[in-house]
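User: I have not seen this structure before. Could you take me through it?

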Amino acid sequence: MELLVASGIGACMAAGIYLILRLRTFAVVLGMTMITYAINTFLFATGRLVVNLPPILHDGDAAAYTDPLPQALVLTAIVISFGMTAVVVMMSLGAFIEGGDDHINMPPDDREMPPLKTVNDQPEEERA
Amino acid sequence: MTPHWLIAPVLVPAILGPLMILWMRHDLLQQRVFGVIGSLLTLIVAIKLNVMAAGGEVIVYRLGNWPAPFGIVLMLDKLAALMLLLTGILAVIVQLYGIGSGWDRKGWHFHSLWMFQLMGINGAFMTGDAFNLFVFFEILLIASYGLMTHGGGPMRLRAGVQYIGYNLAGSALFLAALGTLYAVTGTLNMADMAERVAMMEPQDTALLRTGAVLLMLVFAIKAAIVPLHFWLPSTYANAPGPVAALFAIMSKVGIYAIIRFFTLVFPSDSVVETIATDLLLPAALITLILGQLGVLGTRSLTRLAAFAAIASIGTLVISIARFDVQGLTAGLYYMLHSTLAAAALFLVVDLVAARRGGDFWLRQRPAIRNTGLVSALFFVTAIAVVGLPPLSGFLGKLLIIRATATDPWVAVIWTVILVTSVISLVGFGRAGSILFWKAHELDPEPGNDTDEGERPVRGPIPTKLESDEPIQDVDDSAAPWLAFLAVGGLLAGSVAMTVFAGPLTGYLQHMAEQLTQPELYYDSVLRMQEGAR
């Protein structure tokens with residue numbers, strides 16, 4: 001079971017890292033989701049992997065019990081990452097609608113100084 | 001007595017933020033009033049908390065009164081109190097600038113996002129629980145996403161997407177680090193974790209060391225230490241001026257977390273040794289060089305300020321990286337200075353850009369309005385940022401140079417600090433001469449100037465926000481004097497730090513001594529809990 005979970009986390013993480021290195025926002029959002037899955041599963045596994053045991057101490061038997069804290073942590077992490085995914089989707093949409101494309105890189109205007117507007121640039125009627 | 005004051009810096013903004021969204025969303029005037037009241041309240045509470053912490057004990061607030069390693073705690077020591085005070089001062093002044101310059105009218109919910117931002121920052125400074133630190137980091141990040149893209153525009157939104165992507169990856173890394181540390185130590189309470197780390201045998205700590213290094217990487221992302229700084233220049237350069245000024249404290253949250261974790265949980269005599277902190281000094285030197293070269297090489301005024309912020313982080317981390325009393329004292333002094341100076345720089349840059357019709361490129365243009373006053377403010381701010389006498393930047397660098405005198409790397413450190421200071425001096429001199437000096441050489445031609453000339457006469461700027469109203473770009477600031485006053489206030493802080501440098505460094509030294517005694521924290525958090533249920 002450990003091998004299965006570990007390789008699942010690894011594969012998810014690798015796919016996520018590949019995707020967030022792409023230069024389009026859609027791939028990056030998908031990559032973020034994959035990474036979130038991997039991290040949440042990892043967080044869940046930090047309380048050790050056991051099957052069919054309750055997260056409550058019963059009759060003082062510490063062997064028949066699983067750590068409840070990672071489950072609480074993962075719940076928080078799921079809620080936060082869900083909200084974050086919504087934020088990044090909205091922001092990507094905003095950038096797409098305002099900027100006209102879904103590239104991650106800054107457009108050339110960010111690096112190149114635009115020329116100053118001079119009198120000659122204005123339309124004829126305004127110049128008069 | 002339960003020290004309920006400790007929860008106030010988180011609670012006050014947490015109550016006011018939603019109230020503003022629910023009841024005052026269309027009324028900017030009410031938002032402004034309550035926003036400033038909120039920031040002022042956090043400032044007042046911060047002063048009160050400093051008085052409480054000055055006694056030298058670590059005050060612990062147990063949420064719900066649950067006993068320590070099981071319940072969540074907030075803890076207040078001198079460092080946390082000082083950071084709260086710095087946040088409060090910065091928040092009030094920069095918010096006044098946001099009002100005076102009209103930035104808060106260029107989009108929705110500026111003041112409520114401001115409150116959420118304060119809540120996250122204050123919480124991150126106070127928490128004594130590692131997972132709670134993650135939660136407060138997320139709160140401050142979510143608020144910062146909103147503030148960073150305040151006002152909209154394609155460039156700002158695209159820079160915002162980059163910022164979010166980078167920080168989401170950082171958050172994932174944070175969770176991975178916390179999971180690893182929990183798997184090894186079985187606790188998330190910082191003091192409890194510290195005690196367990198101190199008791200650990202060296203042979204089975206490979207995972208622990210991995211967790212420590214991961215944590216260092218996460219905080220280095222927040223603090224923008226090279227090579228994890230790539231999010232900073234375009235974020236700060238594209239953020240609205242007052243927001244970039246508030247972000248000056250956000251990178252310090254990363255520095256604070258480094259200090260907190262690597263003095264309390266992983267001090268150099270623990271099993272982790274110096275595996276993570278050894279990385280800091282070389283990275284800081286490169287950060288400083290790269291930041292100052294950026295100041296010299298950039299063609300954009302906003303990026304100049306962003307690279308100056310990176311350089312100040314480098315200087316700061318050089319001193320922090322030693323983790324001894326002298327290094328921490330100098331580093332903390334420089335942290336106070338650089339936060340005020342970087343914020344002032346972002347505001348001055350915004351003043352200049354607003355008077356050039358939003359043109360932030362470093363190029364000659366006709367002289368701007370209020371050129372005398374703005375250039376004087378730029379001059380003084382540049383002195384503070386570069387670190388020339390008589391302002392506190394000079395004293396800060398002097399303290400750092402003195403603190404590193406016994407370091408084996410002393411030759412490299414001194415050379416880098418001194419040479420890069422000259423580089424940034426040249427960079428700021430170049431920027432100032434292009435902006436203000438050579439400006440007079442150009443005749444104001446009608447078409448060459450988008451700022452001066454005929455300006456439509458406006459009535460008073462309305463403070464009601466209508467839901468179907470397009471977001472306006474108000475080029476007339478609402479109260480220019482308030483904007484100037486805010487910049488002056490930040491610079492006055494730098495002057496005060498110079499005048500009271502003696503008592504201040506004395507106090508910071510006590511603070512550093514407190515930080516290097518982890519037992520104090522163990523006792524306060526884990527032992528003294530009579531009142532807990």
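Analyst: Pro227(B) is found in the loop between helix 8 (206-223) and helix 9 (232-238) of chain B. Please bear in mind that this is a predicted model.

User: What is the peptide bond from Val226(B) to Pro227(B) like, cis or trans?

Analyst: That bond is cis, with omega near 5°. In general, most peptide bonds are trans.

User: Where is Ala224(B) found?

Analyst: Ala224(B) also belongs to the loop between helix 8 and helix 9 of chain B. Its phi is near 60°, which is a positive value in a residue other than glycine.

User: Is Ala224(B) buried or exposed, and why?

Analyst: Ala224(B) is buried, because 25 other C-beta atoms lie within 10 Å; the cut-off for buried is 20 or more.

User: And Asn65(B), buried or exposed?

Analyst: Asn65(B) counts as exposed, because it has 12 C-beta neighbours inside 10 Å. Asn65(B) sits in the loop between strand 1 (59-62) and strand 2 (73-76) of chain B. Although Asn65(B) is not a glycine, its phi is positive, at about 60°.

User: Which peptide bond involving Pro390(B) is cis?

Analyst: The bond from Pro389(B) to Pro390(B) is cis, with omega near 10°. Pro390(B) lies in the loop that runs between helix 14 (371-386) and helix 15 (392-403) of chain B.

User: Changing topic: how many residues of chain B are in contact with chain A?

Analyst: On the chain B side there are 34 residues, in contact with 33 residues of chain A. Helix 5 (130-148) and helix 6 (154-185) of chain B are the elements that give two or more residues to that side.

User: Which helix of chain B gives the most?

Analyst: Helix 6 of chain B does, with 18 residues. The side of chain B that touches chain A is made up of 19 nonpolar, ten polar and five charged residues.

User: What is the confidence in chain B?

Analyst: The mean pLDDT of chain B is 88, and 92% of its residues reach 70 or more. For the model, the scores are ipTM 0.89 and pTM 0.92.

User: Where in chain B is the pLDDT below 50?

Analyst: One stretch is residues 446-457 of chain B, which has 18 contacts in the model beyond near neighbours in sequence. Another is residues 468-472 of chain B, with four such contacts. Where pLDDT is low, the predicted coordinates should not be read in detail.

Terms used
Residues numbered from 1 in each chain as written. Chains lettered and ligands numbered in written order. Predicted model: local features only at pLDDT ≥ 70, side-chain atom pairs only at ≥ 80, totals over all residues. pLDDT = per-residue confidence, 0-100. Contact = placed C-beta atoms within 7 Å. Helix = DSSP H or I, 4+ residues; strand = E, 2+ residues; numbered from the N terminus. Nonpolar A, V, L, I, M, F, W, Y, C, P; charged D, E, K, R; others polar.
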